Amino acid sequence: YGQWLQMMGMLGYRHRIQVLDAAKVAVHGPAVPQHRERFFATFWRDDQQAPGAVVETDDLRPADSILDADPGKLIRDRNRPLAAASMARIEATLDRYPDERRMIVSYYGASRVGRPSTRPIGTLTTHDRHAVLTRTPRGIAYRMLRNSEAARGMGFPDSYQWCGSTKDITKQIGNAVATNVSRDLCAGIAEVAA
């Protein structure tokens with residue numbers, strides 16, 4: 001990596017390295033309601049003006065802003081019971097947030113407890129990883145996050161056309177760059193290129 005940066009310098013480029021959290025990038029429009037920290041390198045020629053750095057905000061959007069109203073099926077009405085580890089995460093989340101109506105539970109990571117949907121969701125990956133818990137008058141409802149919700153979490157409009165199977169679309173969403181981060185990085189470059 002150090003050698004690569006050195007070679008870029010020898011080719012006449014300067015650079016800026018930033019690790020940006022998509023939930024905090026809102027210079028030229030709204031941030032997405034998803035914590036997604038990624039590495040970004042911006043390069044420009046020695047004889048060009050440096051583009052502005054992307055500045056992060058603390059004004060975070062809640063996951064509620066991307067979630068559909070449907071709470072899902074009640075846990076007790078499921079045909080097949082959830083795995084013991086899943087139930088442990090669900091119970092820990094309900095215990096930690098007794099006053100929250102909706103929560104997000106994440107799987108496949110070190111997370112043992114979910115978070116309220118009034119905060120941004122965790123990183124959307126190439127696998128179904130997040131479930132929505134909802135307290136209803138009839139009991140606790142549970143469902144996996146839908147691709148349409150995950151796409152909104154990346155900043156894609158509902159009108160965006162995806163290709164392939166449901167699994168393919170989940171991978172495309174998880175591999176994408178959050179649209180707000182692309183927007184703000186490109187806007188900074190465009191401002192000095194004009």
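A salt bridge here is a side-chain nitrogen of Lys or Arg within 4 Å of a carboxyl oxygen of Asp or Glu. The legends below describe a predicted model, in which local features need pLDDT of at least 70, side-chain atom pairs count only at pLDDT 80 or more, and totals for chains, interfaces and linings use all residues. Residues are numbered from 1 along each chain as its sequence is written, and side-chain values use heavy atoms, with hydrogens and water left out.

**View 1. Asp77 and Arg76 meet in a salt bridge.** Let us start with this pair, whose side chains come to 4.0 Å, N to O. Asp77 is partly exposed at 35% relative accessibility, while Arg76 is exposed at 56%.

**View 2. Asp46 and Arg14 join distant parts of the chain.** Their side chains form a salt bridge at 3.8 Å, N to O. Asp46 sits in the loop between strand 2 (37–45) and strand 3 (73–74), and Arg14 belongs to strand 1 (residues 13–21), 32 residues apart. Helices (H or I, at least four residues) and strands (E, at least two) are DSSP runs, numbered from the N terminus. Both partners are partly exposed: Asp46 has a relative accessibility of 47%, and Arg14 has 34%.

**View 3. Asp64 pairs with Arg102.** Here the salt bridge spans 3.0 Å, N to O. Asp64 lies in the loop between strand 2 and strand 3, and Arg102 is in strand 4 (residues 102–106), so the pair, 38 residues apart, links distant parts of the chain. Asp64 is partly exposed, with a relative accessible area of 28%, whereas Arg102 is buried at 10%.

**View 4. Salt bridges with shared partners build a network.** Asp68, Asp70, Arg146, Arg152 and Asp158 are joined into one network.

**View 5. Tyr1, Trp4, Ile17, Val19 and Phe39 form a nonpolar surface patch.** Together these residues have about 530 Å² of accessible area, computed by the Shrake-Rupley method with a 1.4 Å probe; for residues, only the protein chains shown count as cover. Patches are made of residues with over 30% relative accessible area and no salt bridge, joining like charges within 9 Å and nonpolar side chains (Val, Leu, Ile, Met, Phe, Trp, Tyr) within 5 Å. Trp4, found in helix 1 (residues 2–10), is partly exposed, with a relative accessible area of 41%.

Key. Buried means under 20% relative accessible area, exposed over 50%, partly exposed in between (1.4 Å probe, protein chains only).
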